[in-house]
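Here is a briefing on one protein chain. Look over the fold before reading the notes.

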Amino acid sequence: AVRPSLISFDRYPILADGSIDTAYFDTWAIIREAALTARIPAWTYIQSTGFNGHAVPTASQLAWQINTSLAYGCKGIQYFTYWTPDPARGEGYTQALITTDGQQTPLYQAARTLNTTWLQPTGRQLKPLTTETVHHANEPQPPTGTTPFTPGTHLTHTTGDPALLTLYTHPHQPNDTRHLLITNRHADKPATLRVGINTRYAAARYDPGGDRYAPVAARSGVLDVSLAPGAAALYRLSAT
């Protein structure tokens with residue numbers, strides 16, 4: 001009705017009991033569909049503080065929130081909160097990126113590192129892209145509202161640890177070129193998986209430090225992928 005220029009939402013998945021709110025993925029699926037239908041960008045808030053029922057995230061949990069958001073097509077990352085809220089407001093707020101008296105916390109440094117070494121360069125790659133599919137792979141029981149992995153034109157199979165497999169299209173690249181983001185499904189432990197690539201396509205992995213794509217020698221059309229907790233890797237798949 002109001003035709004906004006973007007859609008922004010918050011849902012904070014890092015819970016005080018050490019678990020992850022898996023309904024977070026259902027919310028992201030809804031937001032992604034709405035943004036695609038309206039042809040507007042989706043933004044989100046990253047949990048960067050503790051409050052009632054929610055924990056202060058670790059550095060890997062911060063990365064996990066960012067990367068799962070990118071996997072669902074997010075175009076704008078915001079932090080909740082930057083400044084630690086005054087305890088007098090209630091809701092049990094604890095340490096955020098900046099303390100109540102203006103000091104940087106360890107999580108500030110973690111966010112700064114993520115922003116400068118991963119999010120900024122990788123975000124420049126992903127910003128012009130559109131998510132085509134978002135699949136939850138290698139999960140016996142994928143979260144509500146999510147789509148389990150199924151083979152397609154570009155990806156043939158996958159084995160190993162749970163991960164999100166996102167294929168993106170680019171308006172100014174050949175129709176059969178895709179970008180692939182592989183995101184560790186877990187925020188607190190590493191992942192190792194194998195992803196089958198149709199042998200018609202050559203894979204190149206994005207290096208955010210060098211801002212370039214380096215060819216990957218996939219063995220028999222299979223990518224061997226190792227991810228740190230909460231981490232992701234970006235590839236470009238080009239027809240040979």
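Predicted model: local features only at pLDDT ≥ 70, side-chain atom pairs only at ≥ 80, totals over all residues.

Residues are numbered from 1 along each chain as its sequence is written, and side-chain values use heavy atoms, with hydrogens and water left out.

**Domain interface**

- Across the boundary, 23 residues of domain 1 are in contact with 30 residues of domain 2. Contact means heavy atoms within 4.5 Å.
- About 2100 Å² is buried between domain 1 and domain 2, and carbon and sulfur atoms give 60% of that area. Buried area is the accessible area (1.4 Å probe) that two parts lose on being put together, summed over both.

**Nonpolar cores**

- The largest nonpolar core has 40 residues. A nonpolar core is a set of buried Ala, Val, Leu, Ile, Met, Phe, Trp, Tyr and Cys residues joined through side-chain atoms within 4.5 Å. Buried means under 20% relative accessible area, exposed over 50%, and partly exposed in between (1.4 Å probe, protein chains only).
- Trp-28, Leu-62, Ile-66, Leu-70, Tyr-72, Tyr-79 and Leu-181 touch the most other members of this largest core.
- At least two residues of this core come from each of helix H1 (23-38), strand S2 (42-47), helix H2 (59-71), helix H3 (106-126), strand S6 (163-169), S9 and S12. Helices (H or I, at least four residues) and strands (E, at least two) are DSSP runs, numbered from the N terminus.
- H3 gives the most to this core, with eight residues.
- Both domain 1 and domain 2 give residues to this core, so it lies between them.
- Leu-70 is in contact with Trp-118, Leu-119, Leu-126, Tyr-168 and Leu-181, leaving aside neighbours within four places in sequence.
- Apart from this core lies another, of 19 residues, among them Phe-149, Val-195, Leu-223 and Leu-227.

**Strands around S9**

- S9 (residues 201-207) pairs with S12 (residues 232-239) in the antiparallel sense, over five bridges. Two strands pair if DSSP finds at least two bridges between them.
- Tyr-201 has Ala-239 in S12 as its bridge partner.
- S9 also runs antiparallel to strand S10 (residues 212-215), joined by four bridges.
- On the S10 side, Tyr-206 is partnered by Tyr-213, and Arg-205 stands opposite Ala-214.
- The hairpin of S9 and S10 has four residues between the strands.

**A buried asparagine**

- Is Asn-184 buried or exposed? Asn-184 counts as buried because its relative accessibility is 0%.
- Asn-184 sits in strand S7 (residues 178-184).
- The Asn-184 side chain reaches the backbone nitrogen of His-186 at 2.8 Å. A polar contact is a pair of N or O atoms within 3.5 Å; within protein, one must be able to donate a hydrogen and the other to accept it, and residues adjacent in sequence count only if both atoms are side-chain atoms.
- Asn-184 touches several residues beyond four places away in sequence, including Trp-64, Pro-162, Lys-189, Leu-227 and Gly-230.

**Backbone geometry to check**

- Most residues other than glycine have a negative phi, and most peptide bonds are trans.
- The peptide bond from Phe-80 to Thr-81 is cis, with omega near 0°. Thr-81 lies in the loop between strand S3 (76-80) and H3.
- Asp-211 has a positive phi near 50°. Asp-211 is in the loop between S9 and S10 and is partly exposed, at 44% relative accessible area.
- Arg-3 also has a positive phi, near 50°. Arg-3 lies in the segment before strand S1 (7-9) and is exposed, with a relative accessible area of 78%.

- Gln-120 and Pro-208 are 88 residues apart along the chain, yet their C-alpha atoms are separated by 8.6 Å.
- Gln-120 belongs to helix H3 and is partly exposed, with a relative accessible area of 43%.

Note on methods. Domains from an automatic or database assignment.
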